[in-house]
Amino acid sequence: MFNGLVLGALLALIASGLTIIYGTLGVLNLAHGAMFMLGGYAGWVAFHNTHNFIVAVIAGTLFGLIVGIVTERVIIRHFYSRPPEDQLLVTFGLGIVFVETVRFFFGSLSKTTTLPSELNGIINLGFMVYPAYRLLMVAIVAVALFVLYVVLYRTRIGMIVRAGIEDSAMVDALGIDVYKAFMLVFGVGAMAAGFAGIINAPIVSLSPDIGDAILVQTFVVIVIGGVGSFPGAILGGLIAGEIISVTSMFNPGYSYVMLFVAMTLVLVLRPYGLLGAAGRE
Amino acid sequence: MSERFEAPLSRRAILAGGAGLVGTTLWPTIIGAAGEAPIGTWPDGTTGNTVTIGAAVPRTGTYAVQGEDELKGMQLAIEHINSGDPLIKKIAPKVTKGVLGKQVQLVVADSGAKPNDAVQEQQKFITDNKVIAMTGATSSAVAVALNHFAQRSKVLYLTAISGSNDTTGKDCVRYGFRQCFYGETAANAIGPVIVKNFGKNRKAAFMTPDYTYGHTVTKSVNDYLSQNAGWQQVTDQVSPLGTQDFSQYLTNIAHSGADFIINVNWGRDAVLSIQQAKQFGLIPKMQLVVPYQIPFLAKEVGPELTQGVLAATDFWWTLEDKFPLAKMFVNSFNAKYGYRPEWGAENGYMQFAIWARMVSEAGTFYPPDVIKQYEKGETFPSFVGDVHFRAADHQLVRPVIIVRGKKPSAMKNSEDYWEVLDIVPGEPLMQKPDAFGCSLGDYT
């Protein structure tokens, strides 16, 4: 159950970034897995040069933000009014470009980020021993998700963004730069992926295609939770983490099968996801 | 009554029947005189100045690192074949510049270690490039699929990395050849070393990737240890290929009471499972054993984790101290790519060098003749001493190298990860060719 919680927390964090972008901008970002990978690599580069894990986390997070903002400004902006399939193709292509660029510069040999020794211990929980960092990660993710939630749902910026989606012309007429807000949303979504990438790096050493499997799981998470729903991403993440982990205990080969079975069940019984709003496209 | 039967045997019938009879008996002779009947991509693939080999290696996914190393070995071999390098001439003396007067070229695709992708890519190579041989694996699931595809399409398949018992056992084919050893051979080579170092009646947890290689190697190693030294398999944690988070499996091992982790995972799966076993505190509490060593394992997880680890392998670069050909290979490779080759590269190089030898000795690209050349079982030199092919299952008979991870402080340079403990002759370790039900199939 613990293993599922850790995996679930990570999935929830990545999925929240994806769902924020979709929920506010309507863009299904298939480069999200690659952004998760980029955050990890940016963090690794910082770590490699400073040997300071905190610096690495900051670098990975900021790099995610920058990549998100630049991508939105240069490419995604032109696709808001285009059909969804164009958006899917361009983000999918972007993902490939990111992965191959990293492979070109860093090669396929995996990169390891080691933790400071005070985080590297093992905690005896009485009924089992568990790596301290994995426990800490659940707490880190919980805090990060809370901050994200407050920013997007309890601040003026969040309000503008959500209003902009409903009626961008009206918000524009009020003298607010909707596009700047959109850019920020995309940046924040990518930042969540980048942050997840670097905090996960000490557990799973990095390789260029590390984001591929994560992207698929993340999509399942947001479908289960409700596409575009922030609490749904968290709930979906935890459910998916537990399904994968508990199934692995009995029959590992079926862990993904069970994940997709769960997704299908949700789609049949609640087509808009567990916490999704009915009627959302 | 006799008349009645004579009547149908008219002049016409006799002529027709006679012609048919003559036709069936003379047909092979007539075609033979002008060259054999076309088969697979022969002779279409050999009419120009070049011949092409199709490689489907994993360049992405769990086995990408090993696939890339393998590919570099192949590319170096092609370069050596085309230039008539002294190293290739030691293995294939009749190679001049190219094979039978033709330059060899390589076409490459990414298999992602997925059997379907590999077969599709090779089908494309056969249609578009008329490749006269195929290669690439790094996953035994791919090797087994390409084996059967090679037999169907009558194009040679030079297995690259593949450790499953099935590759030249249950799934052996006339058109496939394997250079690296069986999982069973590895188990029989490393088994005595494990017992000698760690004693009898111990408890082992196995970690197994969920496909043919994993299951057969785990079974072979477990059979050896349980039958010869009373070891007990307390748990077998089977994980899907490409697993990133091993926490569930490691938690189970932590509660299994094992003294040893016998990790059969390979490629990135091995790297991640070993690193995470350390995070869970299982290493160094339990002793790690790797029955089939992974190229770049030590480089990726670091010597702190591989120190003291026993592993069976095909090749390690310090064998250059023992074998002159290994030295030539390591030097050439290092000069071209800037690092010492691991066994993926050795495997890729040797497969091509052996192919060049067989074709140039046979004096033809005609597949059945090339296969028969392999089946002669001649002894020829390799990077690990003299070796030969076994005709009955197309498996190379070669030694198994047993290595032990060096302490970081004992390393003489940045790539000196393993110490060669033993070079175990392959022949006595190998099971009989029919032990897994090998039946090679037809030449044509």
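This is a predicted model: local features need pLDDT of at least 70, side-chain atom pairs count only at pLDDT 80 or more; totals for chains, interfaces and linings use all residues.

Modeller: Start with R103(A) and D209(A). Their side chains form a salt bridge, with the closest N and O atoms 3.7 Å apart. The pair links distant parts of the chain. R103(A) sits in helix α4 of chain A, which covers residues 84–106. D209(A) sits in the loop between α8 (178–200) and α9 (210–225) of chain A. The two residues are 106 residues apart.

Now the surroundings of each partner. R103(A) has a relative accessibility of 14%. Buried means under 20%, so R103(A) counts as buried. D209(A) has 12% relative accessibility, so D209(A) is buried by the cut-off of under 20% as well.

For comparison, turn to chain B. There, E375(B) and R174(B) meet through their side chains in a salt bridge, at 2.6 Å from N to O. E375(B) lies in helix α16 of chain B (residues 367–375), and R174(B) lies in the loop between β4 (156–158) and β5 (176–177) of chain B, so this pair ties together parts that are 201 residues apart in sequence. E375(B) is buried, with a relative accessible area of 15%. R174(B) is buried too, at 14%.

E100(A), R103(A) and D209(A) are joined into one network by salt bridges that share partners.

Another bridge in chain A pairs R77(A) with E72(A). The closest N and O atoms of R77(A) and E72(A) are 3.3 Å apart. R77(A) has a relative accessible area of 23%, so R77(A) is partly exposed. E72(A), at 0% relative accessibility, counts as buried. Over all chains, the structure holds 21 salt bridges. Side chains of opposite charge can pair when their charged atoms come close.

A search of the whole structure finds six cavities of 30 Å³ or more. The largest cavity has a volume of about 330 Å³. Its lining consists of 25 residues. Lying nearest the centre of the largest cavity are L7(A), I244(A), Y256(A), Q244(B) and D245(B). Several elements give two or more residues to this lining. In chain A they are α1 (2–25), α5 (132–154), α9, α10 (230–250) and α11 (255–269). In chain B the element is α9 (247–254). α1(A) gives the most, with four residues. By type, the lining of the largest cavity divides into twelve nonpolar, eleven polar and two charged residues.

Finally, chain A as a whole. Chain A has eleven helices and two strands. From the N terminus on, its elements run α-α-α-α-β-β-α-α-α-α-α-α-α. For 281 residues, a compact globule would have a radius of gyration near 19 Å, and chain A agrees with 19 Å. Along the principal axes, the C-alpha atoms of chain A fill a box of roughly 60 × 50 × 35 Å. Of its 281 residues, 53% count as buried. R103(A) and D209(A) each count as buried. Consider also the contacts in chain A between residues at least 6 apart in sequence. Of these, 76% join residues at least 24 apart. The bridge between R103(A) and D209(A), 106 residues apart, links distant parts of the chain.

Technical notes
Residues are numbered from 1 along each chain as its sequence is written. Chains are lettered from A and ligands numbered from 1 in the order in which they are written. Side-chain values use heavy atoms; hydrogens and water are left out. A salt bridge is a side-chain nitrogen of Lys or Arg within 4 Å of a carboxyl oxygen of Asp or Glu. Buried means under 20% relative accessible area, exposed over 50%, partly exposed in between (1.4 Å probe, protein chains only). On a 1 Å grid over the protein atoms alone, a cavity is a set of points where a 1.4 Å probe fits but cannot get out, and a pocket is an open set with protein on both sides within 12 Å along at least five of seven lines; lining residues have an atom within 4 Å of a point. Grid points are joined across faces, edges and corners, and a volume is the space filled by probe spheres set on the points. Ala, Val, Leu, Ile, Met, Phe, Trp, Tyr, Cys and Pro count as nonpolar, Asp, Glu, Lys and Arg as charged, and the others, Gly among them, as polar. The radius of gyration is taken over C-alpha atoms; the globule rule is 2.2 Å times the number of residues to the power 0.38. Contact means heavy atoms within 4.5 Å.
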